[in-house]
Amino acid sequence: MNWIKSRSYAWPILAAVVVFTALNAIISPAFTDPSNWNGMLIGVAPFIITALAQTAPVMSGDGGIDLSVGPLAGLVNALVTAILVPQGFADPFTVIGACLAVGALSGLLNGFMIAVVRVQPIIATLGTFLAFQGITLEMLPMAGGQAPAWLVGLANNHGGISGVLVLLVGLGLLWVLFERTAYRRNLLAVGGDARAAYASGVNVTGVRIIAYVIGGLLAAVAGLVFTAALGSGDPRVGVPYTLTSISAVALGGIALNGGRGGMLGAAAAGTLLFLIQTLFTLAQVSIFYIQIMYGVILFVALTLNAAGERARRRRMAEQLG
């Protein structure tokens, strides 16, 4: 019961996921055909993983946000297809290690600029957003290149089991373990009230830097999924996912002031955004309206998030008398 109550922020979004799954099935009965499930998982995975990448920075509070999530995923895609594979570094150990290292260094840079240099998160990560876009276009000016065969295999079924599903389940299990760590409690404490956390002996700077490193690592995983799905490189593949990741955390009940929320809400909201996009596509709505829809969803999500946060603070004030 406590597990259900502690995740009350996510239940409205999970209900919406059920509703939009049903709407997609009504418009296109093929939506529920098992032969399409792997394709659906490939489509929804970037929404979920980039939403997870945005979660820890937002939970760290003080206006935490990582605008570089999308371009970093695109940078990893270009790194694999335009640099590593052409240079003969196509084995899993080298590719995965190099991509995760790039993600960790990106998070370290963002975290250092925000927690140590005290640059506003939106400004610091806008800088890396622009830098990553430029580096990606320098490495891969246009779509092309080739992904390693073993990575492309991630997007296929293996013995009837989707490789992408295995990846998503693995990430979910890792996050379940993460929720049992002292670091997660410190992350919520820092996001909720950094001064109180500092007075309690929490290393606020370290907690915030690690939050951005976690975001960078997950964005790198999203880049590997892009590469597996495309089988090649596309310099602009990741950029749109910055907007959807921010929409997902706001829609998923994660307090934008930090200190509240978790993986379940972000993953559910990422899934919901994918289902809404699929619904519009099945209904043959123009892609321009889909972009408008994302903007409206972000506006509504931010409004609901702010209203929910005010209600929570009012309840806390009433409880304190």
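Predicted model: local features only at pLDDT ≥ 70, side-chain atom pairs only at ≥ 80, totals over all residues.

1. Rings of Phe, Tyr and Trp (its six-membered ring) pair if their centres lie within 6.5 Å; planes under 30 degrees apart count as stacked, over 60 as edge-to-face and the rest as tilted. The structure holds five such aromatic pairs. In the pair of Phe 47 and Tyr 241, the ring centres are 5.3 Å apart and the planes stand at 75 degrees, so this pair is edge-to-face.

2. Residues are numbered from 1 along each chain as its sequence is written, and side-chain values use heavy atoms, leaving out hydrogens and water.

3. Tyr 241 also pairs with Phe 226: the ring centres are 5.0 Å apart and the planes at 50 degrees, so the pair is tilted. Phe 226 lies in helix α11 (residues 204–230), 15 residues from Tyr 241. Phe 226 counts as buried (under 20% relative accessible area, with exposed over 50% and partly exposed in between, for a 1.4 Å probe and protein chains only), at 4% relative accessibility. Tyr 241 is buried at 16%, and Phe 47 is buried as well. Phe 47, Phe 226, Tyr 241 and Phe 274 form one aromatic cluster.

4. Ser 60 is found in the loop between α3 and α4 (69–84). Its relative accessible area is 1%, so Ser 60 is buried. A polar atom of the Ser 60 side chain lies 2.6 Å from the backbone oxygen of Pro 57. Leaving aside residues up to four places away in sequence, Ser 60 touches (heavy atoms within 4.5 Å) Leu 187, Val 190, Gly 191, Arg 208, Ala 211 and Tyr 212.

5. Two packed helices are described by the angle between their axes and the distance between the axes. For helix α2 (residues 11–27) and helix α13 (residues 263–282), the angle is about 25 degrees and the axes are 9 Å apart. Angles under 35 degrees count as roughly parallel, and α2 and α13 are therefore roughly parallel to each other. Among the residues that meet are Trp 11 and Phe 20 in α2, and Leu 264 and Leu 282 in α13.

Methods: Helix = DSSP H or I, 4+ residues; strand = E, 2+ residues; numbered from the N terminus. Polar contact = N/O pair within 3.5 Å; in protein donor to acceptor, adjacent residues only side chain to side chain. Axes fitted to C-alpha atoms, helices over the stretch in contact; angles between N-to-C directions. Parallel < 35°, antiparallel > 145°, perpendicular 65-115°, else oblique.
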